[in-house]
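Hi everyone, thanks for coming. Please have a look at the structure on the screen, and then I'll walk you through a few parts of it.

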Amino acid sequence: MRSGRQSLLTGLLWTAPWWLGFLLLLAGPMALSLYISFCDYPLLQPPVFVGGANYKQLVGDPVFHKAVANTVVYAALAIPLGTVFAVLLAVLLNRRVRGQALFRACVFVPTIVPLVAAGLVWMWLLNPEYGLLNTGLRALGLDQPPLWLESPRWAMVSLILVSLWFLGSPVMIYLAGLQEIPEELYEAATLDGASATRRFWHVTLPCLSPVILFNVVIGIITAWQVFALPFVMWRTRPGPDRATYFYTMYLFDNAFNYLKMGYASAMAWVQLLIILALTALVFVVSRRTVHYRGV
Amino acid sequence: MNIRSIILGLVLGLPAVGLLIFGPRGRPDVPPDRTVIRYWEKWTGVEGAAMQRIVDRFNATVGAAHGFWVDYQALGDVDKRMLIAAAGGDPPDVAGLPDRFVPPYADQGALRPLDDLADEFGLDLDAFKPIWLDICRFDGKLYALPSTPYTIALYYNRKLFRDAGLDPARPPQTTAELNEYARRLTRVEVNDPQDPGDDRIVQLGFTVSPAMLGWWHWVWPYFFDGPLWDGRHFTLDTPATHAALAWIRDLRSALGNERVLQFEGTAGAIESAQNPFLSGRLAMVFQGPWLANWARVYAPDLDYGVAPFPSVSPERPHVFASMDVLVIPTGARRPREAMIFLTYVLRQEVMEELCQAHGKVSPYRVPQPDFFAHHPNPHIRLFDELAASPHAFGYPKMPTWAEAWTETLYLLETVLRGVRDPDEAIRATQAKVDRVVADYERMAAQRRQHSDSIIGGPPRGGSP
């Protein structure tokens with residue numbers, strides 16, 4: 001009994017850096033933010049309990065609806081597009097060709113560029129008059145190329161295009177996944193007369209499906225937290241007709257510009273629930289489509 | 001002692017010993033016998049260097065005599081950092097903020113009222129122009145001291161005026177005349193005579209767009225005699241706002257809204273050669289005295305003039321005035337020491353040295369003769385005179401201004417794009433901001449009512 005208690009104490013002592021950090025820096029602040037979400041709290045005055053008023057206000061807030069809609073559209077387009085491009089790029093980079101390491105580095109390098117620097121560069125690339133993209137489109141004969149960042153119609157498209165620039169990390173994860181696929185599966189498929197396309201559909205994709213699931217879940221979390229790129233590219237404005245005003249940007253404005261910490265906390269909890277629900281949905285849907293080897 | 005304990009001891013002990021030996025030390029440049037006054041500012045680059053020179057001189061003279069050392073820290077988002085530090089009970093002793101933060105922060109109790117300290121330290125507040133002192137006050141109390149002020153005027157390209165047959169010695173006098181000038185100063189390149197949709201603007205007379213150097217999207221009703229705040233109510237849905245939006249839309253309709261939007265999308269940053277005014281593509285712009293600094297760097301041959309921005313009536317010339325301010329946050333540990341530093345910075349010769357370096361006007365009623373003689377902006381006398389106008393106005397003193405600012409931006413952007421009907425958009429914005437103000441006041445009243453039963457909150461306009 002005594003040695004059991006001693007083991008427990010030793011275990012707790014050794015794991016103290018984690019659980020102390022968890023309690024002080026994560027669980028404690030989360031519990032506090034849950035309480036604050038039921039309060040009116042302008043940061044420098046004491047919180048006043050208002051019950052579910054903040055959550056009720058969210059239901060009727062048109063700016064909140066717009067921010068949710070923008071985030072849903074962004075996630076619905078950026079995640080599938082990013083997944084398709086990343087898988088295709090990984091498959092290409094997995095081929096044994098001369099300069100393979102250089103190609104891989106080229107795909108990965110953009111991910112180490114700071115978001116702010118990348119945002120500023122893309123602002124120039126998408127400038128309607130001087131930008132490289134529109135210069136190219138004009139050279140192709142398009143007289144009125146899009147106002148990428150200043151048009152409500154094109155602003156979201158611009159951001160999704162820019163998000164594809166940061167595919168390096170998922171590509172590297174897919175690449176690792178591709179290298180785990182046993183060669184004999186391809187050999188067997190080839191012996192059975194499967195074409196390259198059929199091998200991709202019936203060997204590569206099923207074997208890669210757990211990695212795709214992982215990246216999609218990470219993609220959902222990242223998409224619901226998109227902030228820095230639109231914040232930089234539209235110079236802290238919510239974009240034309242609020243076209244690029246996302247969930248986290250509105251949360252930030254409520255917390256630090258309008259000093260509505262209670263409202264922002266309520267938004268944060270709703271955001272957490274949405275991400276949890278979407279992740280659960282993805283896991284349920286993926287039961288039939290994700291194949292785990294040896295299971 | 002078993003081997004596991006030794007390893008545990010080493011794992012925990014070695015970093016501690018390492019920290020002791022190699023860890024952070026007190027600032028080597030701070031003399032050991034000095035009390036440190038923490039000063040947070042937003043300025044970096046040339047502006048930061050100018051303030052650092054003044055801080056260094058203070059540390060070598062007045063600071064040395066009193067045993068103080070001002071530690072100047074340039075920070076991004078200094079307003080948010082100061083607020084969070086104040087909420088955490090460890091704010092700096094002095095902070096430099098944009099003036100629009102004075103009403104919300106003062107109302108939340110984040111700023112220390114300075115009336116008593118100003119009296120105690122013999123600050124001659126009457127030496128400042130009334131508009132600057134008014135901006136520093138909220139609810140009858142002094143919460144800030146003037147730092148680097150500015151007024152906004154109309155810059156115009158004299159060469160483009162001549163090319164358009166306009167007299168460069170006679171800039172527009174009214175808003176109607178401004179539109180007329182803007183039409184004449186706009187040049188359209190016709191690509192295909194059969195297809196007017198293919199035309200593009202190559203030179204624009206004037207625009208109020210937030211996308212093109214239009215940083216103050218909310219000011220236009222003021223130039224039509226319509227302030228946005230009467231001290232209690234947000235007053236957007238007025239004839240002045242309707243007239244202002246009609247004025248904006250008239251010009252855009254005349255020039256072709258789609259073409260104007262296309263042109264505005266090309267704007268480069270103010271501090272670049274792609275600044276449309278500096279590159280000669282925008283004939284007139286509503287801007288501050290600092291534009292001369294960028295003109296000197298990127299367009300040294302630009303022939304430009306500066307004039308008061310026209311109002312609807314020349315008898316009531318409205319002027320937008322704003323500035324950076326110096327504050328002592330609530331809970332600052334050394335307010336008196338901070339005030340000694342602020343008193344030094346507010347010496348006329350010191351403050352005007354700073355304003356000159358920043359390309360701004362002087363907050364003093366009567367600037368020293370050297371101020372104009374050595375100022376980098378050749379038109380600074382005009383900007384200074386504008387600050388003395390009885391029709392000068394600053395940011396609305398609303399504690400909820402940040403939200404009103406966002407809503408008025410949305411109003412202007414959607415009306416410029418033709419997404420919303422102006423009358424309906426003004427009504428909706430008015431209703432939205434009214435709700436925000438009402439909610440804020442309801443909670444403030446509730447908080448005051450229950451303040452006795454709540455522990456730990458500073459009173460409104462709390463003292464240190």
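Let's start with helix α10 of chain A, residues 196–224, which spans only 36 Å between its end C-alpha atoms. A straight helix of 29 residues would span 42 Å at 1.5 Å a residue, the expected span being 1.5 Å times one less than the number of residues. Helices here are DSSP runs of H or I, at least four residues, and strands are runs of E, at least two, numbered from the N terminus.

A quick word on the source: this is a predicted model, where local features need pLDDT of at least 70, side-chain atom pairs count only at pLDDT 80 or more, and totals for chains, interfaces and linings use all residues. Residues are numbered from 1 along each chain as its sequence is written, while chains are lettered from A and ligands numbered from 1 in the order in which they are written.

Where is the kink in α10(A)? A kink of about 55 degrees lies at S209(A), shortly before the proline P210(A). That bend is the angle between axes fitted to the seven residues ending there and the seven starting there.

Now to chain B, where W229(B) lies in the loop between β9 (200–203) and α10 (239–255). Finally, W229(B) and Y395(B) are 166 residues apart in sequence, yet 9.2 Å apart in space, C-alpha to C-alpha.
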